[in-house]
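Hi,

Here is the structure I said I would pass on. Have a look at it first, and then read on for my notes.

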Amino acid sequence: MADITASQVKELRERTGAGMMECKKALTETAGDIDAAAEALRKSGLAKADKKAGRVAAEGRMMMAQDGGKAVLVEINSETDFVAKDDNFLDFANAVVDAALASGVADVEALKSVALPSGGTVEETRAAVIAKVGENVQVRRMARIDSNNNVAAYLHGGKIGVLVELAGGDAELARGVAMHIAAMNPPYNKAADVPADFVAKEKEIELAKMSEKDKAKPAEILEKIIGGKIAKIVNEVCLYGQPYVLNTDQTVEQAMKAAGADVVSFTRLAVGEGIEKVVEDYAAEVAKAMQV
């Protein structure tokens, strides 16, 4: 068997735009013949797959799988919501999240090397899906819980996924908390989790908003006024301080105490968050073309 060099892989990748792993595999199968490897990639439809990798993929689906105290979320992106409903995309997404749960991997980079029932790895299969659907497809993020505590995995509309771990309580309560997190998106769990610099900045803002008359009040009174405002803000950004969506007469903290439970951790992922979407202005594009 011919030894495949890095320079050969690089050359084939530049010629075809295919992924590095696909290039190496093609070269191995053709005994290092770059022309034959390039032809094989073109025939398989993989030659153009990697060229789509630079395109923004901000749509897609959040996938969820759970087995008792083991649960995972995997975000898989596409360029359009249309492709996110395509059977090729959905089959791939379901296979990936099942593999993520079964394999025990904890991050996306490790997940890419996991073998799927179809025979290829997640990364190899992703390239094949790109060739089929004609869009950039990315396995972007994953989250995992593996615990003996009560665990809930909740999916809302295929776009928002939540994992929750409770000490105490039961599965129904864990699911209720997960639904709350999906709806309210609290940045922090408890007041103690709120960063000190966040609190300091909010104090600065509240002080700046006060009238000169209020600012002239004795220091202890001023501190009490600002302290009350900060406590309200902290409650708004904490899971425990928010009114529980399934019973707004009590906070999440009160609901947990009543059930003898405690939220150990939670993760909330939403499809496309943090990705800068490109807004196409087709009218402007046509107008510009007409001026050339």
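Let me start with a question: which residues are linked in a network of salt bridges? They are Glu59, Asp81, Lys85 and Lys159. Keep in mind as you click around that this is a predicted model.

Now for the sheet. Three strands make up an open sheet in the order β1-β2-β3, and the pairing is antiparallel. The edges are taken by β1 (59–67) and β3 (138–146); each has a single partner strand, so one side of each is left without a neighbour in the sheet. From one strand to the next, the twist averages 15°.

On one side of β2, nine bridges join that strand to β1. If you want a pair to look at there, alanine 65 has valine 72 in β2 as its bridge partner. The hairpin of β1 and β2 has two residues between the strands, and glycine 68 takes a positive phi near 65° in it. As for β3, eight bridges pair it with β2 (residues 70–78), again in the antiparallel sense. Here glutamate 75 stands opposite arginine 141 in β3; hold on to that arginine, as it comes up again below.

Lying across β1, β2 and β3 is helix α5 (residues 87–103), which runs at about 150° to β2.

As a general point, nonpolar side chains tend to be buried together in soluble globular proteins. In this model the largest nonpolar core has 27 residues, and Val74, Ile76, Phe92, Leu111 and Val139 have the most contacts inside it. Two or more residues each come from β1, β2, α4 (81–84), α5, α6 (108–111), α7 (122–133) and β3. Helix α5 gives the most, with eight residues. Apart from this core lies another, of 22 residues, with Leu166, Ala182, Val252 and Ala270 among them.

Leaving aside neighbours within four places in sequence, valine 74 is in contact with residues including Met62, Val96, Ala100, Leu111, Val139 and Arg141.

Back to charged pairs: the structure holds twelve salt bridges. Here are three of them:

- Glutamate 123 and arginine 126: the closest N and O atoms are 2.7 Å apart. Both residues are buried. They sit three residues apart in helix α7, so about one helical turn separates them.
- Arginine 141 and glutamate 273: these side chains meet at 3.0 Å, N to O. This pair links distant parts of the chain, 132 residues apart, with arginine 141 in strand β3 and glutamate 273 in the loop between β8 (262–270) and α13 (282–291). Glutamate 273 has a relative accessible area of 30%, so it is partly exposed.
- Glutamate 204 and lysine 201: the N to O distance is 3.7 Å. Like the α7 pair, they are three residues apart in their helix, here α9 (residues 196–209), and so about one helical turn separates them. Lysine 201 counts as partly exposed, at 41% relative accessibility.

So where does arginine 141 turn up? In β3, opposite glutamate 75, in contact with valine 74, and in the salt bridge with glutamate 273.

Cheers

Technical notes. Residues numbered from 1 in each chain as written. Predicted model: local features only at pLDDT ≥ 70, side-chain atom pairs only at ≥ 80, totals over all residues. Heavy atoms only, no water. Pairing = 2+ DSSP bridges. Helix = DSSP H or I, 4+ residues; strand = E, 2+ residues; numbered from the N terminus. Axes fitted to C-alpha atoms, helices over the stretch in contact; angles between N-to-C directions. Contact = heavy atoms within 4.5 Å. Core = buried A, V, L, I, M, F, W, Y, C linked by side-chain atoms within 4.5 Å. Buried < 20%, exposed > 50% of the residue type's maximum accessible area, 1.4 Å probe, protein only. Salt bridge = Lys/Arg side-chain N within 4 Å of Asp/Glu carboxyl O.
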